[in-house]
Amino acid sequence: MSGLPKGTLETILVVDDNEGVLKTVVAILERAHFQVLSASSAAGAIHLAKQTEGKIHMLLSTVDMPLMSGPDLGQTLKQTRHDLHVMLMSEGTNGNLLVLNYGWAFIQKAHVPTKLVEMITYVLGSRDRSQLGGQEFDSRADDQHKAPAGTGGQDA
């Protein structure tokens, strides 16, 4: 992993219900010198966040989990940790549409080994654009009024 930016001991809370993905992501982040907390469920992540006195700089969570989704987990944690950055990941190709409603970063799990540290470093250094209540806004509803399918839904 030479050439990738190195962490400065920021704390990342990683949440994934797939044990293999969780172990891989934790190992990648630890090699990049991040402090890593991990949980295999949203409930476990909430408990861990409550028990952690220090700052948690970022939540890195899978989008789809039983009982509570990654976006809902992000909303829940941001109620008490307002400056928490949120980055979500998914195996599916349409997970980024849901995540964009929140203003959060998104990475496909297929790209995790090569892009994860680079993207986390970028997100940690950027302004937090997320807003509480993001789940109430659905950009897909706006897309039908903007542009025909295949044009990216952007106005010219």
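**How the helices and the sheet pack**

As for handedness, helix 2 goes past helix 3 in a right-handed crossing. The structure is a predicted model, and everything here is read from its coordinates.

On the helix 2 side, the contact uses Ala42, Ala45, Ile46 and Ala49; across from them, helix 3 brings in Leu73, Thr76 and Leu77.

Five strands make up an open sheet, and their order is 2-1-3-4-5. The pairing is parallel. Strand 2 (35-39) and strand 5 (105-108) sit at the edges, each pairing on one side only. Going from one strand to the next, the twist averages 20°.

Helix 3 (residues 70-78) also ties into this sheet: helix 3 packs on it and touches strand 1 (11-15), strand 3 and strand 4. The direction of helix 3 makes about 160° with that of strand 3. Strand 3 (residues 58-62) and strand 4 (residues 85-90) run parallel and are joined by five bridges. In one of the bridges, Met58 has His85 in strand 4 as its partner.

Note on methods: Residues are numbered from 1 along each chain as its sequence is written. This is a predicted model: local features need pLDDT of at least 70, side-chain atom pairs count only at pLDDT 80 or more; totals for chains, interfaces and linings use all residues. Side-chain values use heavy atoms; hydrogens and water are left out. Two strands pair if DSSP finds at least two bridges between them. Helices (H or I, at least four residues) and strands (E, at least two) are DSSP runs, numbered from the N terminus. Axes are lines fitted to C-alpha atoms, for helices over the stretch in contact, and angles run from 0 to 180 degrees between N-to-C directions. Contact means heavy atoms within 4.5 Å. A crossing is left-handed if the near helix is turned anticlockwise from the far one by less than a right angle, and right-handed if clockwise.
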